[in-house]
Amino acid sequence: MGFISSSPAGAFRILPHCAVGSSSNDGGCIRNLCIRPRHVILRSPYSRKYLHTGNWFWRSRTLVVSSTGNGDAYSSGNEVFEGDELMAARKALAEAKARQEVLEKERDQSLEELARLESRNQEYVASILHEKDVAISELESAKSLFHQKLQESIEQRFSLESKLVLAKQDAVELAVQVEKLAENTFQQVTSYILDDAQQRVSAAETSAAEAAYQIEEKIRNATEGAILSVIEQSKDAIAKALAMAERAGEHATTSVAASTDDINPVDMIASVQSENIELNSAVSDLESQLLLAKSEFDRLKLELQQAHSQANAAELRAHDAEKALVEFQESSREKSLEQEEEIRLFLEKMRKDAEQREKAVSESLKSELESIKAAIEAAKETTRSKDIVYARSCQALQRSLRASESALKIWRHRVEMAESLLLNDGPQSEGDEDVIYTVNGGRIDLLADDDSQKWKLLSDGPRREVPQWMARRIWAIRPKFPPRKVDITEALELNFRSLELPKLDEVWSIAQEKPREGDVLIEHVIEKETIEKKRKALERALQRKTTKWESTPEKKKSEPGTGTGREIVFQGFNWESWRRQWYLELAPKAADLSQSGITAVWFPPPTESVAPQGYMPSDLYNLNSAYGSKEELKRCIEELHAHDILALGDVVLNHRCAQKQSPNGVWNIFGGKLAWGPEGIVCDDPNFQGCGNPSSGDIFHAAPNIDHSQEFVRSDIKEWLNWLRSDIRFDGWRLDFVRGFSGTYVKEYIEASNPALAIGEYWDSLAYENGNLCYNQDAHRQRIVNWINATGGTSSAFDVTTKGILHSALHNEYWRLIDPQGKPTGVMGWWPSRAVTFLENHDTGSTQGHWPFPREKLAQGYAYILTHPGTPVIFYDHFYDFGLRDIITELIETRKQAGVNCRSSVTIYHANNEGYVARIGDTLITKLGHFDWNPSKENQLEGSWQKFVDKGSDYQVWTRQ
């Protein structure tokens, strides 16, 4: 049911389900109401009447009711409710009140539905924010995944490059193994054939010797038998002869007796004759036996001749066998040459195959890198497109959110308006009399030609289909207003209340939407784009640096205190080198020194000197010395430079010999370009009456000590050093007797001349107790380190401590090579990069022999200094005169392959009377002495180790594979 009445406050009531009309023609009142389902448009009356009945305040008004639809129209004039119809009005008012309550319930339901919509809107906003966070997290994960893929691709590239390098190494190792295998096979075959021939020859010689021995044995046996038989027969014959002689003697006695006894002599003669006959027969028997023995001897002699002929035949066979062996050796040599040629061709083929494989691998690597780059670009493009889609979705979500907020505001405004329309119980003001409220299907509508799309967008929301569930909810809660007016002009001509609808620019539109300042998502997208641009710029810069690094060869960093850190210094002279044209002899050795691994050559003092060895200089600019002329020196240095070898000049800065005497007869006036006087000599020099400042070091008594505190002295020395660097082209210095002046001056000279390497000779005595070297030499090496500190580390120094300790340690006292902290006991243990290790020089060895190193321990000594950190120095006599060239060259090669430098670490595993074991860096192990040890016995070692040098109980060196 629907009812229209006036309220005490003058408001009107809307009956959404029916239209109101009159069924009687009485002129004064409406008696029966006919309720028909129509939408109505209400107009407020201009005349009012008031009636107080009970608690109701009633006022009369004129109602204009118009309805359209299906051709039905209802219209009534001005009808006035009279007083006699009060009961009917009360009834109508009660029904209106009931309907009002129903409408209020519906309004409450609408408000509840609106609250639910708001909660759902909030849920929707929360879901949008959640989707935003999820999208951001997905973006971050995609970004991290991209970086991870990029890192993996880079690592894969490096792994492929390492695999390529390993493949190259494997190919080279395979070629070497094949060559070794072929060589071993050839040696085995040759040795087998030679052994077989030798065995055959030896067998023939053995058989011949056995045959000769058998023949000689037979001859000896036969001869011995014949001789024995002859001797036996001779004995028998002699015995018979003796017996017959005895008998003859008996006959003689009997004959004598007979003669004396008158026996007949005829009988005696007859007996004697018979005995002679017997003797003749015995002699004939002996002769026959001798003939038999002679015939047997002839037979044995014939057999001996046959044995000799057989021996000659055996010798001929042996000669033939030897000749065959020589021929076989020649053929074997030819075959070996052919095999070597085949192996060479095979290795050449393998090399070409390896190059082709390397080229193929590089091409495949390049293609894979290109594919990886393409994949990376695709991933970047995908990520970029995802970022764009995400940004657009975020923008769309923001727009949807703003549209939802606008729609919510509009619907809230509509509800408030409807509530004000339905619940306005106050008296209507005079200004509200001519207000027209137009409602249309639940939408407040004022249609105009230009603004119709605006209101359509406002009413329908964004350009998307409304889901069914939302449409059902909207239709369930919307107010059921009467239909809109068809005649727009009528509505425009009448006064109406503005509903404060949003302006056109406040309505959301996809076509007009643009990023606005203060938008969090937009700022995030802009920030992300900025970060992406920076990342790409960093990638391009990294790629440029990588390309530059790959195309630029590695530059070795050099500093005066250490050089490049991998220097091998060679002292290119001894104490007697001045007796020959030394520069001319040293220059041709440059190629050999370079091939042996030498990187720097220490020259003798180049200046004119009172002593021929050069250590008593006078005119510093005169380089015509006992070793050769200035031009020969320059050519020698040029030859060394041609083979990438540094030239270190031996400069004597502590003292200088004067050319003239002072008026009191003291030699303290210098000549030449640096014409100094007594003011250039320290005042505490006891022999030369100097006028300078006191010395900052020890006094050298053989010549005037230079006062380095004088500005002109330091200026002249720096100018001279720079002249040696620029004109003579020396690369560095060996500084003589640096104990004579402070290391701060050395620092100034080095900084001024900028040498590639500088080495100071700080010679000091070690500590001894009862003629034996003390174990603790910390004070000695501390003095050397203090001098290096005084130079600011710009110069290194000879490790005299290590030399002195090695003298005793290599005589089964290897425990001297480790200090209580587990480090080496010399300067090497405290400051290895500034320690210059050596075994001998022109002072300790050579013809001076002040402190010679034990000659039988030189190989062990070089094994120690060439495998340990520091800068090792090799003495000329050891390399060329003592026959240690191959040993030293092998150790230098070991040092270079293991990458040992002046800063390498040292880990000492054993140091006792039996031997010394230490690991240098991570790739080399050195063992000295007869200590039974190998890397497999050390638990702390990792990796695979191969013995590189094996000199038995002297030393052994392992390198890590």
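A salt bridge is counted here when a side-chain nitrogen of Lys or Arg lies within 4 Å of a carboxyl oxygen of Asp or Glu. The structure, a predicted model, holds 25 salt bridges. Because the model is predicted, local features need pLDDT of at least 70 and side-chain atom pairs count only at pLDDT 80 or more, while totals for chains, interfaces and linings use all residues. Residues are numbered from 1 along each chain as its sequence is written, and side-chain values use heavy atoms, with hydrogens and water left out.

With a relative accessible area of 25%, Glu748 is partly exposed, whereas Arg714, at 11%, counts as buried; buried means under 20% relative accessible area, exposed over 50%, and partly exposed in between (1.4 Å probe, protein chains only).

Another salt bridge joins Asp698 to Arg739, with the closest N and O atoms 2.6 Å apart. Asp698 sits in the loop between strand S13 (667–669) and helix H10 (711–728), and Arg739 in the loop between strand S14 (732–735) and helix H11 (743–753). Asp698 is partly exposed at 33% relative accessibility, as is Arg739 at 27%.

Turning to the strands, 8 of them close into a barrel with parallel pairing, in the order S9-S10-S11-S14-S15-S18-S19-S20. Two strands pair if DSSP finds at least two bridges between them. Strand S10 (residues 600–602) is joined to strand S11 (residues 646–651) by 3 bridges, and Val601 stands opposite Ala647 in S11.

Strand S11 also holds Asp650, which counts as buried at 1% relative accessibility. The side chain of Asp650 makes polar contacts with the side chains of Trp602 (3.2 Å) and Arg734 (3.1 Å). A polar contact is a pair of N or O atoms within 3.5 Å; within protein, one must be able to donate a hydrogen and the other to accept it, and residues adjacent in sequence count only if both atoms are side-chain atoms.

How values were computed: Helix = DSSP H or I, 4+ residues; strand = E, 2+ residues; numbered from the N terminus.
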